[in-house]
Amino acid sequence: MASNYPTSIDSFTDPLSNSPLNNPSHAAQHQDVNDAVEKLETKLGVGSSPASGAASGHVLVANGSGSTTWQAPAVTAAQFANVGLTFITSTTVQSGSGIVTVSNCFSSTYDNYKIIMTGGTHSSGGANLALTLGSANSGYYSSIVYYLYTGGSAQGIGTNNGASFPYAGIARTNWSHMNLDIFNPFASQRTTIGGPFINVDATGNYAGFLDNANSYSSFTLTPNNGTLTGQIITVYGYRKA
Amino acid sequence: MSDPIVGTFHDALTGETITRELTAEEIAALPEPSDPLTPEQ
């Protein structure tokens, strides 16, 4: 039988110690093995680098034209294990909420976080969402620079030692937006925040910091008017080495 | 007398989400409403 590899794994007939040369056919046995070995060689490719010369974690990489080489992967195992975002928690805002608090979402596991909010409805057309950390109600410094879709000059609003980050997100009649990075909320150092601001009349960039060295494990979102329903809030942690 | 304020409270450790009325202390701690972004005059 001809080797069926690599479509499927072959099943050879092994001769017994007392098998005659013609049952199974000795020549056919050699043909089968030769055929299978050639297909394995084709699969692995040519190239002189032996596996014994490869370091731990190296992978076999195709170089094109049928040759392969053992080499370190472009992304190391350590990098792969520590890259990207890790899901922490998600919740849906309950009907008619005047605030939303997410507790125990910041910890020593991560230094930096991303909060995403989409969907839902607002009771009276639209609101800005203020972000507070823990029970801190002072020391918030931030500014938003924005540009109206209708044109004109770029404009801005500053918050100097305020009681919140007042433009952390928005909620509209049938949609919402928050894409906020939060840096070091759990560490005993200044917490900084930043992200794009998107609304129906303008977009902008929002950033700021909380001027104390306290550790926070929770945050609260408060609309500047009306109530929220159905927004999905998800918190991710930036993986770290 | 104003309507009670309801809040959504989610615990990331337990995954539990509850809804309850805010206490007087929690209401007093709410941040002042922000100004809307105003068009250029």
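Tutor: We may begin with Arg20(B), whose relative accessibility is 29%, so this residue counts as partly exposed. Please bear in mind throughout that this is a predicted model.

Student: With which residue does Arg20(B) form a salt bridge?

Tutor: The closest N and O atoms of the pair are 2.7 Å apart.

Student: Is Glu26(B) buried, partly exposed or exposed?

Tutor: The relative accessibility of Glu26(B) is 25%. Buried means under 20% and exposed means over 50%, with partly exposed in between. Glu26(B) therefore counts as partly exposed.

Student: In what order do the elements of chain B run?

Tutor: Chain B contains one helix and two strands. Of the 41 residues in this chain, 24% are buried. Read from the N terminus on, the order of the elements is β-β-α.

Student: How many salt bridges does the rule find across the interface of chain A and chain B?

Tutor: The two chains do meet, for 34 residues of chain A are in contact with 22 residues of chain B. Between them they bury about 2,200 Å², with 56% of this area on carbon and sulfur atoms. Polar contacts join 13 residue pairs across the interface. The number of salt bridges found there, however, is zero.

Student: Which element gives the largest share of the side of chain A that touches chain B?

Tutor: Several elements of chain A give two or more residues to that side, including strand E3 (85–92), strand E7 (126–133) and strand E8 (140–148). The largest share amounts to seven residues. The element that supplies it is E4(A).

Student: Is Ser97(A), a residue of strand E4 in chain A, buried or exposed?

Tutor: Strand E4 covers residues 97–103 of chain A. Ser97(A) touches residues of both chains, among them Leu228(A) and Val6(B). Its relative accessibility is 0%, and Ser97(A) therefore counts as buried.

Student: At what distance does a polar contact join the side chains of Thr8(B) and Ser97(A)?

Tutor: Thr8(B) lies in strand E1 (residues 6–11) of chain B. Thr8(B) has a relative accessible area of 0% and is therefore buried. Its side chain makes a polar contact with that of Ser97(A), and the distance is 2.6 Å.

Student: Which residue of chain A has its backbone nitrogen reached by the side chain of Thr8(B) at 2.9 Å?

Tutor: The contacts of Thr8(B) include Thr92(A), Val93(A) and Ile99(A). The residue in question also has a backbone oxygen that lies 2.8 Å from a polar atom of the side chain of Ser97(A). The backbone nitrogen reached by Thr8(B) belongs to Gln94(A).

Student: How many residues apart in sequence are the parts that Lys114(A) and Asp181(A) tie together?

Tutor: The side chains of Lys114(A) and Asp181(A) meet in a salt bridge of 3.0 Å, N to O. Lys114(A) is buried, with a relative accessible area of 14%, and Asp181(A) counts as buried at 15%. Lys114(A) lies in strand E5 (residues 112–118) and Asp181(A) in strand E11 (residues 176–183) of chain A, so the pair ties together parts whose separation in sequence is 67 residues.

Student: What is the relative accessible area of Asp211(A)?

Tutor: The side chains of Asp211(A) and Arg190(A) meet in a salt bridge of 3.0 Å, N to O. Arg190(A) is partly exposed, with a relative accessible area of 41%. Asp211(A) is also partly exposed, and its value is 33%.

How values were computed: Residues numbered from 1 in each chain as written. Chains lettered and ligands numbered in written order. Predicted model: local features only at pLDDT ≥ 70, side-chain atom pairs only at ≥ 80, totals over all residues. Heavy atoms only, no water. Helix = DSSP H or I, 4+ residues; strand = E, 2+ residues; numbered from the N terminus. Buried < 20%, exposed > 50% of the residue type's maximum accessible area, 1.4 Å probe, protein only. Polar contact = N/O pair within 3.5 Å; in protein donor to acceptor, adjacent residues only side chain to side chain. Contact = heavy atoms within 4.5 Å. Buried area = accessible area lost by both parts, 1.4 Å probe. Salt bridge = Lys/Arg side-chain N within 4 Å of Asp/Glu carboxyl O. Lists of a residue's contacts leave out its neighbours within four places in sequence.
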